[in-house]
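Please keep the sequence and the structure in view while reading.

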Amino acid sequence: MTYAPDRLQEEVAYVAYHFHWPLDDILDLEHPDRLRYVAEIARINTRITQGR
């Protein structure tokens, strides 16, 4: 199964922007792990914007 390059780039940019991790570290993550970080960042952002 191939992973869409645009989607991968979005995930990497999202994690890098929020966690300031280097590109190689993010790319070394397994896809399910990277998705977990993306989901957690989204939850953090939601809590912040909702003032919780």
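In what follows, Lys and Arg count as positive and Asp and Glu as negative, while His and the chain ends are not counted. On that basis the chain carries 6 positive and 9 negative side chains, and the centres of the two sets lie 12 Å apart. The model is predicted. It contains three helices and zero strands, in the order α-α-α along the sequence.

**The chain as a whole**

- The C-alpha trace spans about 40 × 20 × 15 Å along the principal axes of the chain.
- The chain has 52 residues, and buried residues make up 13% of them.
- The accessible surface comes to about 4200 Å², and carbon and sulfur atoms account for 56% of this area.
- Among the contacts with a separation of 6 or more, 37% are between residues 24 or more positions apart.

**The nonpolar core**

- The largest nonpolar core consists of five residues, namely Val12, Val15, Ile26, Val38 and Ile41.
- Two elements, α1 and α3 (31–49), each give two or more residues to this core.
- Ile26, one of the core residues, touches Val12, Val15, Ala16, Trp21 and Arg34 when residues up to four places away in sequence are not counted.

- Glu11 belongs to helix α1, which covers residues 5–19.
- Is Glu11 buried or exposed? Glu11 is buried, because its relative accessible area is 1% and buried means under 20%.
- Apart from neighbours within four places in sequence, Glu11 is in contact with Tyr3, His31, Arg34, Leu35 and Val38.
- Arg34 is located in helix α3.
- Arg34 has a relative accessible area of 5% and is therefore buried as well.
- With residues up to four places away in sequence not counted, Arg34 touches Tyr3, Leu8, Glu11, Val12, Ile26, Leu27 and Leu29.

**The aromatic residues**

- How many aromatic pairs does the count give? The count comes to three aromatic pairs.
- Phe19 and Trp21 make up a tilted pair, with 5.1 Å from centre to centre and 45 degrees between the planes.
- Phe19 is partly exposed, with a relative accessible area of 28%, and Trp21 is likewise partly exposed, with a value of 30%.
- Trp21 also pairs with Tyr37, and this pair is edge-to-face, with 4.9 Å from centre to centre and 80 degrees between the planes.
- Why does the pair of Trp21 and Tyr37 tie together parts that are 16 residues apart in sequence? The reason is that Trp21 lies in the loop between α1 and α2, whereas Tyr37 lies in helix α3.
- Tyr37 counts as partly exposed, since its relative accessibility is 32%.
- Phe19, Trp21 and Tyr37 form one aromatic cluster.

**The loop residue His20**

- His20 is found in the loop between α1 and α2, where α2 comprises residues 23–28.
- The phi angle of His20 is near 60 degrees, which is a positive value in a residue other than glycine.
- His20 is exposed, because its relative accessible area is 66% and exposed means over 50%.

- Asn45 lies in helix α3.
- When neighbours within four places in sequence are left aside, Asn45 is in contact with Tyr14 and His18.
- Asn45 and Ala13 are 32 residues apart along the chain, and their C-alpha atoms are separated by 15 Å.

Definitions and conventions: Residues are numbered from 1 along each chain as its sequence is written. This is a predicted model: local features need pLDDT of at least 70, side-chain atom pairs count only at pLDDT 80 or more; totals for chains, interfaces and linings use all residues. Side-chain values use heavy atoms; hydrogens and water are left out. Helices (H or I, at least four residues) and strands (E, at least two) are DSSP runs, numbered from the N terminus. Buried means under 20% relative accessible area, exposed over 50%, partly exposed in between (1.4 Å probe, protein chains only). Contact means heavy atoms within 4.5 Å. Accessible areas come from the Shrake-Rupley method with a 1.4 Å probe; for residues, only the protein chains shown count as cover. The place of a charge is taken as NZ of Lys, CZ of Arg, CG of Asp or CD of Glu. A nonpolar core is a set of buried Ala, Val, Leu, Ile, Met, Phe, Trp, Tyr and Cys residues joined through side-chain atoms within 4.5 Å. Rings of Phe, Tyr and Trp (its six-membered ring) pair if their centres lie within 6.5 Å; planes under 30 degrees apart count as stacked, over 60 as edge-to-face and the rest as tilted.
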